[in-house]
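Visitor: Hi! Could you walk me through this model?
Guide: Happy to, here it is.

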Amino acid sequence: MTDAPRLPETRRLYQQIADRVRELIHQGRYPGGSRLPPERDLALQLGVSRPSLREALIALEIEGTVEIRMGSGIYVCTAPARRPGLAVAMGESPIELMQARAALEGAVIALACVHATPAGMGRIRDSIEAMRLDIAQGVGVLAHDRQFHVCIAEMSGNSVLTSLVGTLFDERQSPLAEHLRARLEDRPTWELALQEHEQIYRALLARDPLAAQAAMRCHIQAASDRWYLT
């Protein structure tokens, strides 16, 4: 009896791009202390999208290969702190997670419109007001952001969908997503997110599934754009 052939490891796209940039550095194309080309130029050189390249550069910064200096550029570290295997623990691609969330939560909110209850709507409203207070006080908003999305899923009446919504949302706490959030989220971006939550709530209140789906998908797309089009 022979062993079944082992399938090759599937590496995420941002990891593959990080491998290519790392190889260019090791080959001396970009020596320690030098600045990499701007994102747009490097993306064209590698034949990849800017969002995927940005994820790769964030991964390289976390492992200590490059340093991203806002307003200045991306520099190769003179003595990279090699941490083998760290990329495996960095999490899923945030842009792919946002795409998955838009597809999932767009469907979930249609069910929530059908099964909406005064109690469920009250919990969603409470999460919005709690998020508003978080923003005003300058404290962490993520917990009440999560509560908003999970409360909508709970109102769908499907526990599996609720679990999936929570699981995908929690990927925002992966090292890769945390790094993006720390650099690109601030009070103005959270105020925009709050406005989008209120628009979603109004569509739910009107029991309009098409408007609710559109508002949810626009919200998640806008959140993704705030990470990748900045």
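Visitor: What should I know before I start?
Guide: This is a predicted model, where local features need pLDDT of at least 70, side-chain atom pairs count only at pLDDT 80 or more, and totals for chains, interfaces and linings use all residues. Residues are numbered from 1 along each chain as its sequence is written, and side-chain values use heavy atoms, with hydrogens and water left out.

Visitor: Which residues does the UniProt domain annotation cover?
Guide: The unreviewed UniProt entry places "domain: HTH gntR-type" at residues 11–79; such annotations may be inferred rather than shown by experiment. Over residues 11–79 the chain is 52% helix and 12% strand, both being DSSP runs (helices H or I, at least four residues; strands E, at least two). The end C-alpha atoms of that stretch are 26 Å apart.

Visitor: On to helix packing. At what angle do α5 and α9 cross?
Guide: Roughly 165°, with the axes of α5 (residues 118–137) and α9 (residues 187–205) coming within 10 Å. Axes are lines fitted to C-alpha atoms, for helices over the stretch in contact, and angles run from 0 to 180 degrees between N-to-C directions. The two helices are therefore roughly antiparallel (over 145 degrees; under 35 is roughly parallel, 65 to 115 roughly perpendicular, the rest oblique).

Visitor: Who makes the contact there?
Guide: From α5, the residues include Met121, Ile124 and Ile128, and from α9 they include Trp190, Leu194 and Tyr201; contact means heavy atoms within 4.5 Å. By class, this contact has 12 nonpolar, one polar and five charged residues (Ala, Val, Leu, Ile, Met, Phe, Trp, Tyr, Cys and Pro are nonpolar; Asp, Glu, Lys and Arg charged; the others, Gly among them, polar).

Visitor: Is Glu196 buried or exposed?
Guide: Glu196, found in α9, is buried with a relative accessible area of 14% (buried is under 20%, exposed over 50%, partly exposed in between, with a 1.4 Å probe and protein chains only). Leaving aside neighbours within four places in sequence, Glu196 is in contact with His219, Ala222 and Arg226.

Visitor: What about the phi of Arg207?
Guide: Arg207 has a positive phi of about 55° although it is not a glycine. Most residues other than glycine have a negative phi. Arg207 lies in the loop between α9 and α10 and is partly exposed, at 45%.

Visitor: And how do α8 and α10 pack?
Guide: Their axes are 9 Å apart at an angle of about 80°, which makes α8 roughly perpendicular to α10.
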